Amino acid sequence: MAFLQFKNVRIAGIAAGVPKNIASNLHPSPEDNISSEYAPEDFVAATGVKERRVSSTLCTSDLCYGAAEKLIADLGWDKKEIEALVFVSQTADYILPATACILQDRLGLSKECYATDCALGCSGWVYGLSQVASLVANGDIKKALLLCGDAKKRFAGGGRDPLFGHAGTATAIEFKEGAKGFQFHFGTDGSGFDAIITPAGGSRFPIDDKTFEFEEIEGKQYHRMMSRMKGMDVFSFGISTAPKTIKKLAEHFGFDYLDADYFVFHQANMKMNNMIVKKLKLPEEKVPSCMHEFGNTSSASIPLTIVSQLANKSANKKFICCGFGVGLSWGTVEFDTDNIIVSDLVELDDSEVSTYVV
């Protein structure tokens with residue numbers, strides 16, 4: 001059973017960065033690939049996504065960099081004391097090198113810094129948190145950054161999916177003797193690998209002259225470098241898995257999940273999350289949501305929800321956070337906040353792009 005516990009470690013702060021540009025689903029542009037079967041207002045009613053932040057220029061690393069700079073300043077951390085950086089994204093700057101290496105240098109961190117990428121999506125913040133916690137918990141590394149998000153797509157053309165927004169987040173984790181730490185539950189069902197997938201571009205199906213030929217799937221035009229999703233499969237997975245993993249975590253570690261102050265779920269879509277809340281019998285005031293203004297932001301969605309909805313309400317609270325999706329994979333974490341710093345939302349314009357280009 002994939003239960004993990006790390007003590008003597010805490011979240012010191014959380015920040016999030018988004019593009020300044022707002023895309024409205026009620027007044028979509030020609031770039032927004034809303035299925036012809038939906039009127040804009042029907043799409044908003046079905047998904048809960050009224051608007052999103054998008055940029056054709058900013059990469060995930062740009063948004064994470066902006067969030068990290070803000071958070072480091074707010075915490076008053078010495079950059080040379082940050083000894084680990086984990087970058088979680090499905091939209092890395094390059095196939096190689098790891099984007100974490102670029103961010104280490106761009107942020108001015110020590111060359112003795114541990115830096116690595118993790119290619120996960122919706123469950124990525126919880127997985128990344130466990131990776132960083134494992135590095136910090138014994139005290140060899142005292143301060144670390146977890147940078148998560150998704151942004152600029154990896155190809156030209158094809159339109160923007162109106163469900164998804166762009167965001168990058170920074171979570172600061174530090175060693176603290178006696179801190180309660182984190183309790184995790186994880187799971188994976190690789191039989192659903194193709195429920196959310198980008199078919200081409202890896203070594204299984206390298207890019208060729210047919211890669212960018214469009215085909216219609218469920219009313220939308222896709223080529224093989226575009227991510228596609230089996231909507232009903234993912235919906236069924238989400239509403240069944242999220243309640244189970246929270247209950248398993250609580251049972252294993254011997255606590256009542258209803259005692260948590262806040263439940264922060266991956267912002268998949270409104271109907272899915274509402275069903276999860278109903279199954280767990282959670283009061284609505286304990287379940288913040290930001291999908292109405294930011295959409296589904298993949299691994300950024302949990303920390304972005306905390307920053308945008310709980311900025312002045314996060315200190316000294318008990319959290320349960322659950323991410324689920326591509327893989328198929330899921331992860332749940334329970335933790336307490338101890339005077340956590342939640343930075344103001346960072347909004348970036350298209351000029352604030354990395355100069356780390358070839």
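These questions and answers cover salt bridges in a predicted model. Local features need pLDDT of at least 70, side-chain atom pairs count only at pLDDT 80 or more, and totals for chains, interfaces and linings use all residues. Residues are numbered from 1 along each chain as its sequence is written, and side-chain values use heavy atoms, with hydrogens and water left out.

Reader: How many salt bridges does a search of the whole structure find?
Author: A salt bridge needs a side-chain nitrogen of Lys or Arg within 4 Å of a carboxyl oxygen of Asp or Glu. Searching the whole structure gives a count of 13.

Reader: How many residues apart are Arg10 and Glu174?
Author: Their side chains form a salt bridge at 2.4 Å, N to O. The pair links distant parts of the chain, strand β2 (residues 9-19) and strand β8 (residues 167-175). Strands are DSSP runs (E, at least two residues), numbered from the N terminus. The separation is 164 residues.

Reader: Is Arg53 buried or exposed?
Author: Arg53 meets Glu347 in a salt bridge at 2.7 Å, N to O. Buried means under 20% relative accessible area, exposed over 50%, partly exposed in between (1.4 Å probe, protein chains only). Glu347, at 38%, is partly exposed. Arg53 has 9% relative accessibility, so Arg53 is buried.

Reader: What is the relative accessible area of Glu334?
Author: Glu334 pairs with Lys318 in a salt bridge at 3.1 Å, N to O. Lys318 is partly exposed at 22%. Glu334 is buried, at 1%.

Reader: Which residues are linked with Arg10 in a network of salt bridges?
Author: Arg10 is buried, at 11%. The network joins Arg10 to Glu174, Lys176 and Asp338.

Conventions
Helix = DSSP H or I, 4+ residues; strand = E, 2+ residues; numbered from the N terminus.
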